[in-house]
Amino acid sequence: MKRLLPLAAALVLIPTAPVHAQLFGGDTEARNQVFQLRQEVQGQIETTSRGQLELAMQNEQMRAELARLRGQIELLTNEVETLKQRQKDFYVDLDARLRRFESGAAGNASAAPASGDAAPAAPAAATAPPQAPAPAPAPASANTESADYQGALALLKNGKHKDAQTAFERFVARYPNGNFTAGAHFWAGNSALQARDVASANRHFKTVIDKYPKENVAPDAMLGLANSQQAMNDAAGARRTLQSLLERYPQSNAAQVARQRLNAR
């Protein structure tokens with residue numbers, strides 16, 4: 001019996017060796033799997049972190065762009081309001097000038113018959129030669145000029161830009177030295193710019209600047225010229241025109257708009 005005990009012990013110990021090996025071998029494989037899983041998780045974390053960082057950078061860029069666009073919107077809104085007020089001032093000034101002009105024309109017309117009544121009538125003679133017809137009175141021409149000008153303005157107010165441009169160009173051809181010729185060139189330029197006829201707008205604005213530099217519309221004509229130059233992708237020319245506007249008419253409303261544009265660039 002005692003001889004069988006060592007043999008039994010040996011038989012018990014024999015199967016434990018593979019189990020021990022499998023146990024330690026399995027632990028190494030598990031460690032490798034844990035290490036691989038850790039690397040995968042760490043890689044995913046790094047990828048997510050980079051994505052979050054890029055997203056944060058994009059958000060910051062979008063915020064900066066949004067702030068810039070808001071600034072431009074505020075600038076353009078202020079510019080539009082200034083131009084609206086300026087246009088309103090134009091119409092008010094125009095209405096006052098038309099009323100004064102028509103009042104003066106009516107005064108001249110009423111004074112003409114009075115002077116004719118004061119002159120003594122000449123005795124009729126059978127052999128007197130026929131008199132030449134009297135020329136058309138000046139007030140009638142003045143009234144026609146005023147009516148033509150207001151008609152062109154009405155087209156512009158109603159948004160008929162091409163028709164208004166044609167009417168103003170017809171006006172300046174008919175009244176090259178009229179009382180409203182400078183304004184007609186200015187509004188012709190605006191009408192042409194709205195009608196996408198940039199070359200004609202350039203020409204009319206330059207006419208105001210060169211021939212009528214002391215008229216009220218001259219500063220705004222320079223602003224209109226800058227607009228037409230910008231529409232022709234001549235950014236350098238538009239900038240020079242705005243700078244010249246500041247130098248020539250620094251106190252004008254148009255100069256305020258020019259200053260805002262130059263500061264925004």
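Mentor: Before we start, a crossing is left-handed if the near helix is turned anticlockwise from the far one by less than a right angle, and right-handed if clockwise. Keep in mind that we're looking at a predicted model.

Trainee: Okay, so which hand does the crossing of H8 and H9 have?

Mentor: Find H8 at 235–248 and H9 at 253–264. Their axes come within 9 Å and cross at roughly 135°, which makes H8 oblique to H9. As for the hand, H8 passes H9 in a crossing that is left-handed.

Trainee: How many charged residues are in the contact of H8 with H9?

Mentor: On the H8 side you've got Arg239, Leu242, Gln243, Leu245 and Leu246, and they meet Ala254, Ala255, Ala258, Arg259, Arg261 and Leu262 in H9. Sorted by class, that contact has seven nonpolar residues and one polar, and the charged ones number three.

Trainee: Is Tyr249 buried or exposed?

Mentor: Tyr249 is in the loop between H8 and H9. Beyond its neighbours within four places in sequence, Tyr249 is in contact with Pro213, Ala218, Pro219, Met222 and Ala255. Its relative accessibility is 15%, and the cut-off is under 20%, so Tyr249 counts as buried.

Trainee: What about H6 and H7, how are they oriented to each other?

Mentor: H6 covers residues 198–211 and H7 covers 218–231. Their axes come within 9 Å and cross at roughly 155°. Angles over 145 degrees fall in one class, so H6 and H7 are roughly antiparallel.

Conventions:
Residues are numbered from 1 along each chain as its sequence is written. This is a predicted model: local features need pLDDT of at least 70, side-chain atom pairs count only at pLDDT 80 or more; totals for chains, interfaces and linings use all residues. Side-chain values use heavy atoms; hydrogens and water are left out. Axes are lines fitted to C-alpha atoms, for helices over the stretch in contact, and angles run from 0 to 180 degrees between N-to-C directions. Helices (H or I, at least four residues) and strands (E, at least two) are DSSP runs, numbered from the N terminus. Angles under 35 degrees count as roughly parallel, over 145 as roughly antiparallel, 65 to 115 as roughly perpendicular and the rest as oblique. Buried means under 20% relative accessible area, exposed over 50%, partly exposed in between (1.4 Å probe, protein chains only). Contact means heavy atoms within 4.5 Å. Ala, Val, Leu, Ile, Met, Phe, Trp, Tyr, Cys and Pro count as nonpolar, Asp, Glu, Lys and Arg as charged, and the others, Gly among them, as polar.
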